[in-house]
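Have a look at the sequence and the model first.

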Amino acid sequence: MFAFTHKQADASLCRYAARFSAFGRSSGKTLAGSDSVRRIALRSVCIGSQDPTHDHGFSERPGRQSDRQTDGMASIADFYAGKNVLITGATGFMGKVLVEKLLRSCPGVNTLYILVRPKAGQSMQERVKDMMKCKLFDRVREDDPDFHRKIVPISSELMQPGLAISPEDVERLTACINVVFHCAATIRFDEPLKHALQLNVIATQQLLSLAQRMEKLEAFIHVSTAYANCNRRHIDEVIYPPPVEPKKLIDSLEWMDDSIVRDITPRLIGDRPNTYTYTKALAEFVVQQESSKLNIGIIRPSIVGASWQEPFPGWIDNFNGPSGVFIAAGKGILRTMRANNDAVADLIPVDVVINLTLAVGWYTAVHRPKSALVYNCTTGGINPFHWGEIEHHVMSTFKRNPLEQAFRRPNANITSNYLINQYWILVSHKFPALIYDLFLRLSGQKPQMMRIFNRLHKAIGLLEYFSSQDWEWNSENMNMLMGQLSPEDRKTFNFDVRQLNWPEYIENYCIGTKKYVLNEDMSDIPAARQHLKKLRNIRYTFNTVLLVFIWRVFIARSQMARNIWYFVVSLCFKFLSYFRASSTLTA
Ligand SMILES: CCCCCCCCCCCCCCCCCC(=O)SCCNC(=O)CCNC(=O)[C@H](O)C(C)(C)COP(=O)(O)OP(=O)(O)OC[C@H]1O[C@@H](n2cnc3c(N)ncnc32)[C@H](O)[C@@H]1OP(=O)(O)O
Ligand SMILES: NC(=O)C1=CN([C@@H]2O[C@H](COP(=O)(O)OP(=O)(O)OC[C@H]3O[C@@H](n4cnc5c(N)ncnc54)[C@H](OP(=O)(O)O)[C@@H]3O)[C@@H](O)[C@H]2O)C=CC1
């Protein structure tokens, strides 16, 4: 019934205990004897127990392949060999990294079916072709120039009934898929509730229905977010009761006019900051409801950032989350933002999330936990780094490796004080924008800076909730899983964030935004530095002119200012005469 023997269980427990005590040492925390250690140890024992009369939390589900005896011994790459994998959201940031890693580190994988929709005038095929040309796939291309053979796009629009998958494709998928990775979602913070509900909840429900019809399905992995329950300070690896029964909400929103939904949205989302976190929480509940019928794993990454190591450091392709903030700061546009210097910046590199996701796919299929296991994929509890430190390293990187055509010299500061932030917005954002727009107008161009600042303020306003406070996530399952991997798999699918060197990571992240988001050439850095020097000279000139102007105004209006001015000038004059006299004497 169970793949593990007592011996293996003991070995795994020892391995885990050794890892955990090492973790305790490295993070400076004493964890031995804590409740969490006991809980994990118990769980490891359960995994290894062979007593069939006991409820071990692992199940055999009818109608699914039962090859656990062999898979239990297999490495992650061996497990994926010959498998057919379905991925939603493969054209997105994380989906692309997932596809790349599967192709590179699991070369035996049979076929990756990816659900894609036509978009922005491009057909599904054109989009997939473009995606495969991306630099991200360079290493895969080197290993296997024909890697695209393994990718089969399936036309699908997740907002449509039945996910708009053709009956032939449904038949094909239900007959062959072994593992599903559900990454697709709307991650916009300002998404109207109906839209977010449709994509994040209803589409998930529909995908689960499709998964239930898959004859060979071994695991269904759902990507959620660590912030799904951000209304709590401490977040365990459990699915919390949903804020509302999803079915009731779906039924009631169905007949409501968009404007009514917009009006009641704040009341509905309650103490969550946006419709994104709210609908992701509902989606988790929907997924959990199916956990008696499917082998389910739920990954909850925190703020996903550029890659740490794979396929190369610093890969990032979007403005989401901190990336847009870093770029705006590097361009000298963003000078102030509300954030807590001492709050933990729970960034997690995208390759870590994907390595964990693949390991969870393996573990869920091989060990078949009875209920859905949740994996909080975070760094704060293990290797914390703070927003203040991030600010320092971002600024230092962009001063050494400037972005092209910066608006001003990079010099952003974060503050948790609302009034100070408002002051700097006025002085460092709005005032320069006004002057620049005036200059554009005078030179016959269209003013644009104020518009850019308004968008920036909207974006950072939506992010401030996450940068002004911190959360505590329990990541026992992530640690437990690490203990289950062979030493080889731990290297190939590394998600041990204790080894993460933050200053180096942030530097690569910033350079990644320059190279891969803005497509700037590193060889143009000398010109960018020259541009910064020019901006510095403009600033010095501007400040001097401003000072002289203010002083002149003062002198014209105040006798006292005039007296001070004459006093300073006569002092300078006396000093000069003394200096000249003494130099004539020595000559
Ligand atoms: C040195 C300082 C150190 C600072 C430290 C502090 C840093 C704090 C960072 C905190 C991050 C916290 C994130 C929390 C994440 C939760 C994790 C998740 O689960 S989920 C993951 C997290 N989810 C998210 O992060 C989603 C957040 N984003 C949104 O909700 C929306 O994009 C929006 C409402 C911000 C703007 O809507 P809208 O006005 O309709 O604009 P569109 O969307 O249509 O984009 C138009 C164009 O602008 C571009 N662009 C976009 N953003 C930025 C930016 N920040 N900037 C610049 N540009 C940006 C965009 O690429 C596009 O370009 P193009 O294609 O036209 O060329
Ligand atoms: N990025 C982050 O910081 C974090 C992300 N997550 C979670 O990770 C997952 C992936 O996020 P990420 O890769 O960053 O997001 P992206 O926005 O980069 O990708 C979203 C994907 O979903 C697809 N999608 C969206 N709408 C539809 C639709 N109507 N029909 C078909 N496909 C659609 C997109 O396809 P298309 O290209 O056609 O638009 C895209 O492939 C999400 O579930 C998110 O909640 C969790 C924590 C943090």
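Is E310 buried or exposed? E310 is buried, because its relative accessible area is 13%, and buried here means under 20% relative accessible area, with exposed being over 50% and partly exposed in between (1.4 Å probe, protein chains only).

Before going further, a word on what you're looking at. This is a predicted model, in which local features need pLDDT of at least 70, side-chain atom pairs count only at pLDDT 80 or more, and totals for chains, interfaces and linings use all residues. Residues are numbered from 1 along each chain as its sequence is written, chains are lettered from A and ligands numbered from 1 in the order in which they are written, and side-chain values use heavy atoms, with hydrogens and water left out.

Back to E310, which you'll find in the loop between β8 (303–305) and α13 (322–330). Those labels come from DSSP runs numbered from the N terminus: helices are H or I with at least four residues, strands are E with at least two. Leaving aside residues up to four places away in sequence, E310 touches K101, R104, S105, D351, N355 and T492, where contact means heavy atoms within 4.5 Å.

Two of these neighbours also meet E310 through polar contacts: the side chain of K101 at 2.6 Å and that of R104 at 3.1 Å. A polar contact is a pair of N or O atoms within 3.5 Å; within protein, one must be able to donate a hydrogen and the other to accept it, and residues adjacent in sequence count only if both atoms are side-chain atoms. E310 also belongs to a network of salt bridges, together with E100, K101 and R104. For a salt bridge, a side-chain nitrogen of Lys or Arg has to be within 4 Å of a carboxyl oxygen of Asp or Glu.

How many salt bridges does the structure hold? There are 21. One of them joins K96 and D317, with the closest N and O atoms 2.8 Å apart. That pair links distant parts of the chain: K96 is in helix α5 (residues 93–105), while D317 is in the loop between β8 and α13, 221 residues away. K96 counts as buried at 11% relative accessibility, whereas D317 is partly exposed at 27%.

Now for R141 and D138, whose closest N and O atoms are 2.6 Å apart in their salt bridge. Both sit in helix α7 (residues 138–143), 3 residues apart, or about one turn of the helix.
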